[in-house]
Amino acid sequence: LADAQRASELRPRWAKAWSRVGLAARQLGAAEQALEAYSRVAELDPDAATLEALEGIASQKRPCAEEAHAAKERGNEAMKLRNFGAALVQYSLGLGRIPAAAAQWPAGHGDASLAE
């Protein structure tokens, strides 16, 4: 973890360094640190694997519809600013926090704000 952190300090815009920080932190059980690192990776170089890892870490937290909705709103704001990497991060975080029951609702049912 220390080597990966040093690499991210030396080259803060190098997604691979942040990815290594995220991986090491996740393997060490430091979920918050992994979440921050993978968020940074997704902002710099969003790809499917990074977004899946980010959503997976977020889903390990207690499901919370309010936090899922707040993340969706932050994603919408980032989209308006054309900050697509940040928007993807927020949407992935929000998807990870949706309560399981809400994720199984058909479109148009349940909490409409989550389906927007």
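Helices here are DSSP runs of H or I with at least four residues, numbered from the N terminus, and Ala37 lies in one of them, helix α3. This is a predicted model, so local features need pLDDT of at least 70 and side-chain atom pairs count only at pLDDT 80 or more, while totals for chains, interfaces and linings use all residues. Residues are numbered from 1 along each chain as its sequence is written, and side-chain values use heavy atoms, leaving out hydrogens and water.

- Counting contacts as heavy atoms within 4.5 Å, and skipping residues up to four places away in sequence, Ala37 touches Trp18, Val21 and Gly22.
- At 32% relative accessibility, Ala31 counts as partly exposed, meaning between the buried limit of 20% and the exposed limit of 50%.

**How α3 packs on α4**
- Two packed helices are described by the angle between their axes and the distance between the axes.
- For α3 and helix α4 (residues 48-59), that's an angle of about 150 degrees with the axes 9 Å apart.
- That makes α3 roughly antiparallel to α4, a label for angles over 145 degrees.
- Those axes are lines fitted to C-alpha atoms over the stretch in contact, and angles run from 0 to 180 degrees between N-to-C directions.
- On the α3 side, the residues that meet α4 include Ala31, Leu35 and Tyr38, and their α4 counterparts include Leu51, Leu54 and Ile57.
- Ala31 and Ile57 are 26 residues apart along the chain, and their C-alpha atoms are separated by 6.7 Å.

**Ser92 in α6**
- Ser92 belongs to helix α6 (residues 84-97) and counts as buried at 6% relative accessibility.
- Leaving aside residues up to four places away in sequence, Ser92 touches Leu51, Leu54 and Glu55.

**Helix α5**
- α5 (residues 65-80) has 16 residues and reaches 23 Å from first C-alpha to last, close to the 22 Å expected at 1.5 Å a residue, where the expected span is 1.5 Å times one less than the number of residues.
- Its buried residues include Ala68, Ala71, Lys72, Gly75 and Ala78.
- They cover an arc of only 120 degrees around the axis, which puts them on the same side of α5; the arc uses directions from the helix axis to the C-beta atoms.
- Glu66 and Lys80 are exposed, on the face of α5 turned away from its buried side.
- Just after α5, Arg82 takes a positive phi of about 60 degrees.

Methods:
Helices (H or I, at least four residues) and strands (E, at least two) are DSSP runs, numbered from the N terminus. Buried means under 20% relative accessible area, exposed over 50%, partly exposed in between (1.4 Å probe, protein chains only). Angles under 35 degrees count as roughly parallel, over 145 as roughly antiparallel, 65 to 115 as roughly perpendicular and the rest as oblique.
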